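Please consult the sequence and the coordinates alongside the text.

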Amino acid sequence: MTTWPRAYVPPMPVLHAWLPESLNNLAFGTGSSLMINTPGSAVWPSANVALFWPVRLAVPVTVTVLWWANGATASGNVDCGIYDAEGNRLLSTGSTAQTGTTAIQSVNVTDTVIPPGLIYLALAMDNVTGTINRVVMGNATACQLAGMHQQATAFALPATATFAAMAQNYVPMAGALLSPRTVI
Amino acid sequence: MDWPSYPPIVGQGIIISTMNQHGFGQMLDGANTLSGTWNTSNRAVYMPVRISEPVLARKLFWFNGATVSGNADCGIYDAAGTKIVSAGSTAQSGTNALQEVDIADTLLDAGLFYMGLALDNTTGTFFRLSVGTAYRAQAMGTVMQATAFPLPAAATFAAYTDTVTAYVCGFSGRVVI
């Protein structure tokens, strides 16, 4: 039924790159999908670089928490955020000391409504000692073709992103938790 | 802006399961789904599923593993953790097979729901998928609740601490699964 008024995909409670409405319908990885059972700990690809990956929202959502999955070593500071399609920052954690290993680090944020459409999740780190759990997609071109971008010298995450061609083979495990959930 | 007539990505099915396109099916490798024991007696696990069109839920099901024991409960919760319908405490029976429970026909609108599953012992088994670390299960949206057998009317979501992400369970819009 093409005119069904509710024919949309309701969002999952946690936004991340593995969702079909993010990289998973676009990327090639393990088989046809970017499986979340394959991440590994790896140092951030370059100090102060920010990585951006797209998510398509079918409906407005309210973000309550931003999060990322630390790897085996924590160091320095991390910033996690959300941008609109034009690169305007909608919210971010700000520079946050990386704490905890092999676990999710989460930051409560002011509940923020994000309108439907294309958004970008973003993560940046100020050093190359700390690690994040991430997936490699084969090569940087695969990340490019999946819609990822990067920005050098972008720590803390800037108010306006200047999207540059993705040159990293690195999909961070990071994202947002949506209302009414407050526990990830 | 193309909202609210944004086209669905997920094809709507009549079987809504944690392990098909309504749940983790497009994000996890289902080939690793194996029989395994329940982690903690009376723990409830809540796993998100989403539907893009209304469904009349007529049956609940879960996938028993190689050993059955005690009692299980399976239910559907809304996004806020309020129970909509559940099987109630049900003797686990039948190995390596789906166990089905008829429920009062329940209309669910499009949206996000949680499949709740609980067992009152750690001998019984279910088919489930392990992703190795709790944080990967957390990222998938899985949450849990201790001392939650049978499934409570209102879930209190707590951070997930187990490495098993997806227990195979769900509901059906058909009487015959």
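In what order do the 3 strands of the open sheet in chain B stand?

## The open sheet of chain B

The model is predicted. In chain B, the strand order is β2-β10-β13, and the pairing within this open sheet is antiparallel. The edge positions are taken by β2 (33-37) and β13 (164-167) of chain B; each has a single partner strand, so one side of each is left without a neighbour in the sheet. From one strand to the next, the twist averages 55°.

Strands of a sheet pair through backbone hydrogen bonds, in either a parallel or an antiparallel manner. Between β2(B) and β10 (residues 125-130) of chain B, which run antiparallel, there are 5 bridges. Within β10(B), B:L129 is the residue that stands opposite B:T33.

## Nonpolar cores

The largest nonpolar core comprises 102 residues, and the members that touch the most others are B:Y46 and B:F171. Another core, of 9 residues, lies apart from it; among its members are A:Y83, A:Y120, A:A124 and A:A154.

B:Q138 belongs to helix α1 of chain B, which spans residues 134-139. Is this residue, B:Q138, buried or exposed? B:Q138 counts as buried because its relative accessibility is 11%, and the cut-off for buried is under 20%.

When neighbours within four places in sequence are left aside, the contacts of B:Q138 in chain A are A:V14, A:I104 and A:I184. In chain B, B:Q138 is in contact with B:A159 and B:Y160.

Definitions and conventions
Residues are numbered from 1 along each chain as its sequence is written. Chains are lettered from A and ligands numbered from 1 in the order in which they are written. This is a predicted model: local features need pLDDT of at least 70, side-chain atom pairs count only at pLDDT 80 or more; totals for chains, interfaces and linings use all residues. Side-chain values use heavy atoms; hydrogens and water are left out. A nonpolar core is a set of buried Ala, Val, Leu, Ile, Met, Phe, Trp, Tyr and Cys residues joined through side-chain atoms within 4.5 Å. Buried means under 20% relative accessible area, exposed over 50%, partly exposed in between (1.4 Å probe, protein chains only). Helices (H or I, at least four residues) and strands (E, at least two) are DSSP runs, numbered from the N terminus. Contact means heavy atoms within 4.5 Å. Two strands pair if DSSP finds at least two bridges between them. Axes are lines fitted to C-alpha atoms, for helices over the stretch in contact, and angles run from 0 to 180 degrees between N-to-C directions.
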